[in-house]
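Subject: Structure for your review

Dear colleague,

Please find below the structure that I am handing over to you. My notes on it follow directly after.

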Amino acid sequence: MMKQPYNLSRRAFLVSGTAAAGLGALPGQSFAQGERVFRLGALNSITGIGGPYGPYMLEAIKLAVAEVNAAGGAAGRKFQLFAEDDQTKPEAAVLAVKKLVEINKVEAVVGIWASSVGLATMPITNDANLITMNTCGAPEMLTENKKGLAWMFQASNAIFGNAFAEVARRRGFKRPAVMAFNNSTFVGQANYFKSAWEANGGKVSAFVIYEPNQSSYRTELARVLASKPDVISLSAYRPDATIILKEWYQSGQDCKFIMPGWTANEDLVKALGKEATEGLISISNVAAEQHPAFKRFAAEFKTITKREPDIFAAQCYDMVITLALALEAAGAQADVAAINGQIRTVTGTGGTKANSFVEGRDILRKGQKVDYDGASSRLEFGKHGETVPDFGVFDIQDGRLVLKETIPGQLPA
Amino acid sequence: MDWISIANAVINGVVIGMLLALPALAITLVFGIARFPNAATGDYMTLGAYTTIASQMFLGGSIVVAVLGAMTMTAAISLLMYFWVFRALAERSHVSRLIASIGVAFAVRSTITFFAGQDQYVVDLPLVRAWNFGGIRILPTDLYIVGAALIALLLVFCVMYLTPTGRRMRAIADSPELAAASGIRARRVMIFLWAVAGAFCGLGGALLGIKAVVLPELGWELLMPMFAGVILGGIGSPVGAVLGIVTFSIAQEVASLFVGPAYKVVLAFLILLCVLLLRPQGMFGRPIAAR
């Protein structure tokens, strides 16, 4: 017979120790008995390619939850947060969201970042009739949002691709090339750039979709540079953009880049230095930087994380506040569908402007209509649950983002 | 497709291949002597890359010190894991050791992210332009990388084929029982093996960090191509591991010129498949007869 490989008492210690540690990690033990909480799921890309963004998105969610709970909850219901990591992978995300739905019994899932994750989890949240809020940009998100329960806080990449083409035209470029990371978000962006550019009779000099997670993109880049473009629309995340721009700089060939703002920003300058990033054109839906909601959020965010929030963090903050206001408007007894029905109402035009949860709640309590203008945008949702924000066009000059112009976002014709 | 593009792709493939040859050699040595595929190899590389970053941050900028520090650190962790985990499992099946090595990989990675977070880091080195020879571009940094890898490979091959320690290693690889019967003490060879494997992963990781960006998944993502390269070269054959991974990398880069980047991995594996159909033992492997 095989020898028992474990010392039983040690095993018992391990099991009980792990269980104790697990108990300690459970959030929200401080809730009083009998109080009806709102169970909120956060599904963030903490690890994987979303790693540079996900942890801060979760911080923003926690910050907003704390704000709502400090004010006594929404309609008297405090938020209880259950957080999961989706590893930026649809397979892991499906398991995580099932756990949130079936075990934690959450009523909404917020903070989904990658479109691949958003598209994989939407059937599950739809089946369970849950609200889901995301920063996904794949155009398919809009068509898949069949029950109207999904809310896209980030502009669709159809709109992004159009904006990229519009900027390339305004800047007088003649031979744009397209280079994009192979996922549903960025391939969508690249395709919409191409079709928007070609709709005006132009031609794209090269169109390269590259595989993620490589240590070098030189061969792919060489293929693009061989077509002698005057500008490259580069749909990339920060890690791959860092490598590609490094290799582009080393190649010595001259051209400009148009990139999404969540990649082309001060963090990228920090990674590459001022010289290699000079003149990059960075396009983002402008976080409402002059807006009081953003200023207050940014200040609180900075005390916790010691850094400025990016657009995704601001969007995550807005998700929780929007949800809280919708819950407040729907009342304590409302079910998920009723809360969902209020989301458009508390953000839509025509109400009294509010910049924080408490402001909005007080307006609602007076029996008035409220219009929450968030930290990420004015939050006016279109008929598929999408936001159509304005875009800021920035140039990176001497390591800083300089706003050149703002162009209105447009849905593709 | 013009020959300049192909030449550039080949050069790129050689650089990446030489860089990955270091951890690939570690895989093949561990497989030959400790007899299991070590899935922690990738995360030892990650550790090397992060040690380079940490050393630059806290000890000042010298890249040579940082790379040597990375090698020392990974060698130390590799030894620690040998004494702590793999030695205890030496009598178990290779599957349980493979699983244990996956556990080690997760432990190493999670420890790194606990301190360093998920965000990317870059090794602080000034950017230099490539030398341009009529379209063929050669990067000075790449020359250093290939140079460092070559020196390290030469050193270990000298040790393996010219010194008593190397002879003992090869003896154990050939037949552990015979080696033990002729009085070779496995313990010392194991210590040497794990130190070299760790140092090589550290060096590979540090060089990769210099070339690319440093992320928590840096090494883990490379396990597949590295194992593929080792299999292509012939499992357990040190020369085969180096040539296998270089061939595999060149195949990937050249393939992306013809079939598009999305399919380059597929084409590289197709080449692997063809080689294995013709030579099931790999390029340099010896046929193993089952008894």
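Two strands are said to pair if DSSP finds at least two bridges between them. Helices (H or I, at least four residues) and strands (E, at least two) are DSSP runs, numbered from the N terminus. This is a predicted model, in which local features need pLDDT of at least 70 and side-chain atom pairs count only at pLDDT 80 or more, while totals for chains, interfaces and linings use all residues. Residues are numbered from 1 along each chain as its sequence is written, and chains are lettered from A and ligands numbered from 1 in the order in which they are written.

Chain A in outline

Chain A contains 15 helices and 14 strands. Of its 413 residues, 55% are buried; a residue is buried if 20 or more other C-beta atoms lie within 10 Å of its own, exposed if 12 or fewer, and partly exposed in between, with C-beta atoms placed from the backbone. Two residues are in contact if their C-beta atoms, placed in that way, lie within 7 Å. Among the contacts in chain A with a separation of 6 or more, 66% join residues 24 or more positions apart.

The five-stranded sheet

One open sheet of chain A has five strands in the order β2-β1-β3-β4-β5, with parallel pairing. Strands β2 and β5 (150–152) of chain A each have a single partner strand, so one side of each is left without a neighbour in the sheet. On average, neighbouring strands here are turned by 20 degrees against each other, direction ignored. For such angles, axes are lines fitted to C-alpha atoms, for helices over the stretch in contact, and angles run from 0 to 180 degrees between N-to-C directions. Helix α4(A) packs on this sheet and touches β1, β3, β4 (131–134) and β5 of chain A, with its direction at about 180 degrees to that of β3(A).

Strand β1 (residues 38–44) of chain A is largely enclosed by the rest of the structure, because six of its seven residues are buried. β1(A) pairs in the parallel sense with strand β2 (residues 79–85) of chain A over seven bridges, and Leu40(A) stands opposite Leu81(A) in β2(A).

The seven-stranded sheet

A further open sheet of chain A has seven strands in the order β7-β6-β8-β9-β10-β13-β14, and its pairing is mixed. Its edge strands are β7 and β14 (400–407) of chain A, each of which pairs on one side only. In β7(A), Val208(A) and Tyr210(A) form a covered face, whereas Phe207(A) and Ile209(A) form an uncovered one. Strand β6 (residues 176–181) of chain A pairs with β7(A) in the parallel sense over four bridges, and Ala180(A) has Ile209(A) of β7(A) as its bridge partner. Together with helix α7 (residues 184–199) of chain A, β6(A) and β7(A) make a right-handed β-α-β unit. Elsewhere in the sheet, strand β8 (residues 231–235) and strand β9 (residues 256–260) of chain A pair in the parallel sense over three bridges, with Ser233(A) opposite Ile258(A) in β9(A).

Chain A is assigned domain 1 (34–156 + 290–372) and domain 2 (157–284 + 390–407), with bounds that come from an automatic or database domain assignment. Their centres, taken over C-alpha atoms, are separated by 30 Å. In chain A, 15 residues of domain 1 are in contact with 14 residues of domain 2. On the domain 1 side of this contact, the largest share, three residues, comes from α4(A).

The contact between the chains takes 34 residues from chain A and 31 residues from chain B. On the chain A side, α9(A) gives the most, with eight residues. That side divides into 13 nonpolar, 14 polar and seven charged residues; Ala, Val, Leu, Ile, Met, Phe, Trp, Tyr, Cys and Pro count as nonpolar, Asp, Glu, Lys and Arg as charged, and the others, Gly among them, as polar.

Yours sincerely

Technical notes:
Right-handed = clockwise from strand over helix to strand, strands pointing away.
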